[in-house]
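Could you open this one in your viewer before reading on? My notes are meant to be followed with the coordinates on screen.

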Amino acid sequence: MIPPTKPKYRPLFWRKAKDRAVQVFSVISLSIAVGAMLWILGTILVRGAEVLGWDFLSNPSKPYGMPDAGIANALLGTLMITGFSVLIAVPPALAAGIWLAEFGKRMPRAAAAIRFCANVLMGMPSVIVGLFVYMILVVPMRGFSGLAGAVALAILMFPVVMRTTEDMMAMVPDTLRESGLALGMTRCRVTLSIICRAARNGLVTGVLLSVARVSGETAPLLFTALFADAWPTNFFGGPTANIPVLITEYATNSPFEAMHRAGWGAALVITLLVLTVNLSARVLFREKKH
Amino acid sequence: MEICHAAGMKRPSAWSDPVFRWLCLGCAALCGLLMVGFFVQLAIASGDAWRTFGLGFFSSAEWDPVAERFGALPAIVGTLLTTAIALVIALPLAFVSALFIVDAPPWLSRLLGQAVDLLAAIPSIIYGMWGLFVLTPIMQRIMASFGIETNGFGLLTSALILTLMILPYICAVMRDVLRMTPPMLREAAFGIGCTRWETARDILMRYGIRGLLGGVFIGLGRALGETMAVLFVAGNVMRVPHALTDGCTTIAATLANNFAEADGLQRSALFALGLILLVMAFLIQLLAQYYLRMTGAKRGER
């Protein structure tokens, strides 16, 4: 005879009290997250706005003590590095996404393996990418260069664009594909001129989100683009100024208050850049859904 | 054929399709190539260090560029400790936050979701700078009020910054997983008189455990490889930390901090550290993929 197990008796009062406690805890934890965000953004805004002005944005950076120092060369460098990384990463990433979405079903194992690799690559520490590009580009080219920085960011971008491309193309209804094929178009034409066009907004969103993600990346640039107090004239053969490394230099390697203030200004600029791109990507995608 | 000619059109060429397909496949295969390339390159570049130190590299706590003796222990311990502390703090916060976002009315849930996504979008160097100029003085003052003299840098500060950074990632994955629980399960639980917390703990958590674990590993991967934020606040001391307020370093921070002036054997030792980090990150991503595969949850990227 097994004695009937007595159900554990929990008084209703305690159960309700516990429920309430968890509710309060969750409100607190969300306030921590949102509060931290506001605190960080607020600090950047207040301290960055002190130095932000036309002079700051139009003059190149200079060593400590020189008048009229700004961050224009770093801003231009960041734009160039990010622009080149888009040029390098986006075409192959789109093609790879197209393969996964359109032809992946014919080779399901290969597709699964590639998808897995892309997911793992997305979670790779960006320092590793910096080390890798240092080995394959900086050492053979005998020097740091903006191009190496662009390649490093492109490697970070590649899997992100690839996976969003696949997701976006998979959302295009099959009837569109079938009607294209029924008109006698080749798979290639159907994909490029019908499916890509239908998924255009989604593809742009994916690219923009990945740009927002990599343009604030610092670690890989420390190993590839480095920094220089000059205009980025030698993009392919010499160290190229960029905002993230400028912030690192000014904040950690300099004891001067003026440099710290310039660092805050640069931080405000890069934050605005990243958040603007990120938000415009979200807005664009929301419009598409309607 | 006939019709095509009659309409003055060319016959769709037979070669363009296979070429297009193989071109696309080639691009997709780049992924695998990169993956293998990481391992091969780092293994080659760190060869000297492995030959010189062997397995003792893992257990030695020395980092002496003059005597050319290097060990990975402080960096590995620092990485594991900061990651572990950050995860212990972030995990409960992320879970209850995700619960709240899922249960909240639609407008509030959307607003909070966007705020969390925005928190994930802030570049890590901004966290680092904020940590350096705002958080470390505060930590110094708090510690001083407990009677501990410290400069504010160290294990605990790094872990707190990491907590803030991984919280939105874990929260986003958990939110997706909780949303995917069939509503019928929740309703059934409410129907037999469970409170909200009991539903969450006994039903939602059991149902979505794999997805939740996947979220944990995503956060773990982020914390493990984070460079800039930790570099700014860790203190970068090559010693095994003994207390929460001790200065420490992580693998990624060591790489960023020492790489520029290193050459020869030290550079090789840094590459060896990079290889260790790569293997750790790879294993964690394997686990994350294993747990997330079933659920189809997004990885907190959007």
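Here are my numbered points on the helix packing and the interface.

1. Ground rules. This is a predicted model, where local features need pLDDT of at least 70, side-chain atom pairs count only at pLDDT 80 or more, and totals for chains, interfaces and linings use all residues. Residues are numbered from 1 along each chain as its sequence is written, while chains are lettered from A and ligands numbered from 1 in the order in which they are written.

2. The interface as a whole. Chain B puts 71 residues in contact with 71 residues of chain A (contact: C-beta atoms, placed from the backbone, within 7 Å). On chain B's side, helix α2 (residues 16–45) gives the most, with 20 residues (helices are DSSP runs of H or I, at least four residues, numbered from the N terminus). That side of chain B splits into 52 nonpolar, 12 polar and seven charged residues. For the classes, Ala, Val, Leu, Ile, Met, Phe, Trp, Tyr, Cys and Pro are nonpolar, Asp, Glu, Lys and Arg are charged, and the others, Gly among them, are polar.

3. Helix α11 of chain A (residues 243–252) packs with helix α7 of chain B (residues 124–145) at about 15°, axes 11 Å apart. Axes here are lines fitted to C-alpha atoms, for helices over the stretch in contact, with angles from 0 to 180 degrees between N-to-C directions. The pair is therefore roughly parallel (under 35 degrees; over 145 is roughly antiparallel, 65 to 115 roughly perpendicular, the rest oblique). The crossing of α11(A) and α7(B) is left-handed, meaning the near helix is turned anticlockwise from the far one by less than a right angle, with clockwise being right-handed. Pro244(A), Ile247(A), Thr248(A) and Ala251(A) meet Ile125(B), Met129(B) and Leu132(B).

4. Helix α9 of chain A. Residues 200–214 make up this 15-residue helix, which reaches 21 Å from first C-alpha to last, close to the 21 Å expected at 1.5 Å a residue (expected span: 1.5 Å times one less than the number of residues). How much of α9(A) is covered? Mostly: 12 of its 15 residues are buried, including Leu203(A), Leu208(A) and Arg213(A). Buried takes 20 or more other C-beta atoms within 10 Å of a residue's own, exposed 12 or fewer, and partly exposed lies in between, with C-beta atoms placed from the backbone.

5. What α9(A) packs on. Helix α6 of chain A (residues 146–170) packs with α9(A) at about 155°, axes 9 Å apart, so the two are roughly antiparallel. α6(A) passes α9(A) in a right-handed crossing. Among the residues making the contact are Leu153(A), Val160(A) and Met168(A) of α6(A), and Gly206(A), Ser210(A) and Arg213(A) of α9(A). The class count for this contact is nine nonpolar, five polar and one charged.

6. Another antiparallel pair. In chain A, the axes of α7 (residues 174–182) and α8 (residues 187–198) come within 10 Å and cross at roughly 150°; the helices are therefore roughly antiparallel. Their crossing is right-handed.

7. Met165(B) is found in helix α8 of chain B (residues 155–179). Met165(B) counts as buried because it has 25 C-beta neighbours inside 10 Å. Not counting residues up to four places away in sequence, Met165(B) touches Ser124(B), Tyr127(B), Arg222(B), Glu226(B) and Ala229(B).

How values were computed. Contact = placed C-beta atoms within 7 Å.
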